Amino acid sequence: MQRARGAITHVTSQCAACLKAGTPRRTAIHFRRNTLAEPPGNIHNAITSTLKSFLEDSSLRFLENSWYGFNLCPATWNYIFSLDLLCAQLGWTWTITNIIWKDLWLILNTWLRQARTEQTPFRDVCVAAVFRLLGRLGQLGLKENMLTSLENLARSINQFGMRSFSKGMPWEVQLSVIYAIHDLAPSNPEAALKTLESWKKNSTRRIPSAVNKCITQISFLCRQTESQRSQR
């Protein structure tokens, strides 16, 4: 990592364990004061340089995990946390307009056109990380109560997944899509549940325990939403 690594000082032992277990925390990232190469007012450049470093980092990899099936390595999560924190400084509307639709979605569409045996221009692990990043960035939209644009993003990810699951999408990437759909489920829990249940029904692989937990949580959210509607 180039500039982005300079921004990260350390991961505490507790959070390092969380990363290894597949349950990363945003608080795991600590920034030194004035270590970003760009001044505070030029956060967009910091995001761009971090994203570039992330895509060029050949050390990133998947890790097998008994709970998640496959998880991202700690270095990959560090990039995700860095980008998440930087985007939070500029807000949801700016992030979805300038980063999600212009940069991240371009990565996904380009990767989708690659032959599945190719790892250029984008590696599978980077694409999986983009989906996990989208899930985290979506929390900013939830916090700002921007449900319409968030629902549009969730719908796009659902459609991307359903269109690609049957076309040889690598298992590790499929799982990242599923976890991103779960993260964005509050914007439209019924649609998220439908996608996850359909994917589970058609999957020929062992479903990780974390996915079953995701389905249980979204099912509860659907019942809660329906109950609130009936009380109006």
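Two residues are said here to be in contact, or to touch, when heavy atoms of the one lie within 4.5 Å of heavy atoms of the other. In this predicted model, Glu 172 touches Phe 62, Phe 70 and Ala 128 in that sense, leaving aside residues up to four places away in sequence.

**Overall architecture**

The protein chain has ten helices and two strands, and its elements, read from the N terminus on, follow the order α-α-α-β-β-α-α-α-α-α-α-α. Of its 232 residues, 49% are buried. Among the contacts in the chain with a separation of 6 or more, 72% are accounted for by residues 24 or more positions apart.

**The largest nonpolar core**

The largest nonpolar core holds 65 residues, and the members that touch the most other members are Leu 104, Phe 131, Leu 134, Leu 153 and Ile 157. Two or more residues of this core come from each of α3 (43-56), α4 (74-88), α5 (92-113), α6 (124-143), α7 (147-164), α8 (171-183), α9 (189-202) and α10 (209-230). The element that gives the most is α6, with eleven residues. Leu 104 touches Leu 51, Ile 99, Val 130, Leu 133, Leu 134 and Leu 137, again not counting residues up to four places away in sequence.

| Helix pair | Axis separation | Angle | Handedness of crossing |
|---|---|---|---|
| α4 and α6 | within 10 Å | roughly 30 degrees | right-handed |
| α5 and α6 | within 11 Å | roughly 160 degrees | left-handed |
| α6 and α7 | 9 Å | about 160 degrees | left-handed |

With axes that cross at roughly 30 degrees, α4 and α6 are therefore roughly parallel to each other, since angles under 35 degrees are placed in that class. To this contact α4 brings Thr 76, Trp 77, Ile 80, Phe 81, Leu 83, Asp 84, Cys 87 and Ala 88, while α6 brings Ala 129, Arg 132, Leu 133, Arg 136, Leu 137 and Leu 140. By class, these residues divide into ten nonpolar, one polar and three charged.

For α5 and α6, the axes cross at roughly 160 degrees, and that makes α5 roughly antiparallel to α6, the cut-off for this class being over 145 degrees. On the α5 side the contact is made by Trp 92, Thr 95, Ile 100, Leu 104, Trp 105, Ile 107, Leu 108 and Trp 111, and on the α6 side by Asp 124, Val 127, Val 130, Phe 131, Leu 133, Leu 134, Leu 137, Gly 138, Leu 140 and Gly 141. The residues in the contact of α5 with α6 are 14 nonpolar, three polar and one charged.

The angle between α6 and α7 is about 160 degrees, which makes α6 roughly antiparallel to α7. Here α6 contributes Phe 131, Leu 134, Gly 138, Gly 141 and Leu 142, and α7 contributes Leu 147, Leu 150, Leu 153, Ile 157 and Phe 160. The contact of α6 with α7 has eight nonpolar and two polar residues, and no charged residues.

**Trp 94 in α5**

Helix α5 also contains Trp 94, which is partly exposed because its relative accessible area is 23%. Not counting residues up to four places away in sequence, Trp 94 touches His 44, Ile 47 and Ile 99.

**Backbone features in the loops on either side of α6**

Most residues other than glycine have a negative phi, and most peptide bonds are trans. Against that background, two loop positions deserve a careful look. The loop between α5 and α6 contains Pro 121, and the peptide bond leading from Thr 120 to Pro 121 is cis, with omega near 5 degrees. In the loop between α6 and α7 lies Asn 145, a residue that is not a glycine and yet has a positive phi of about 60 degrees. With a relative accessible area of 55%, Asn 145 is exposed.

Definitions and conventions. Residues are numbered from 1 along each chain as its sequence is written. This is a predicted model: local features need pLDDT of at least 70, side-chain atom pairs count only at pLDDT 80 or more; totals for chains, interfaces and linings use all residues. Side-chain values use heavy atoms; hydrogens and water are left out. A nonpolar core is a set of buried Ala, Val, Leu, Ile, Met, Phe, Trp, Tyr and Cys residues joined through side-chain atoms within 4.5 Å. Buried means under 20% relative accessible area, exposed over 50%, partly exposed in between (1.4 Å probe, protein chains only). Helices (H or I, at least four residues) and strands (E, at least two) are DSSP runs, numbered from the N terminus. Axes are lines fitted to C-alpha atoms, for helices over the stretch in contact, and angles run from 0 to 180 degrees between N-to-C directions. Angles under 35 degrees count as roughly parallel, over 145 as roughly antiparallel, 65 to 115 as roughly perpendicular and the rest as oblique. A crossing is left-handed if the near helix is turned anticlockwise from the far one by less than a right angle, and right-handed if clockwise. Ala, Val, Leu, Ile, Met, Phe, Trp, Tyr, Cys and Pro count as nonpolar, Asp, Glu, Lys and Arg as charged, and the others, Gly among them, as polar.
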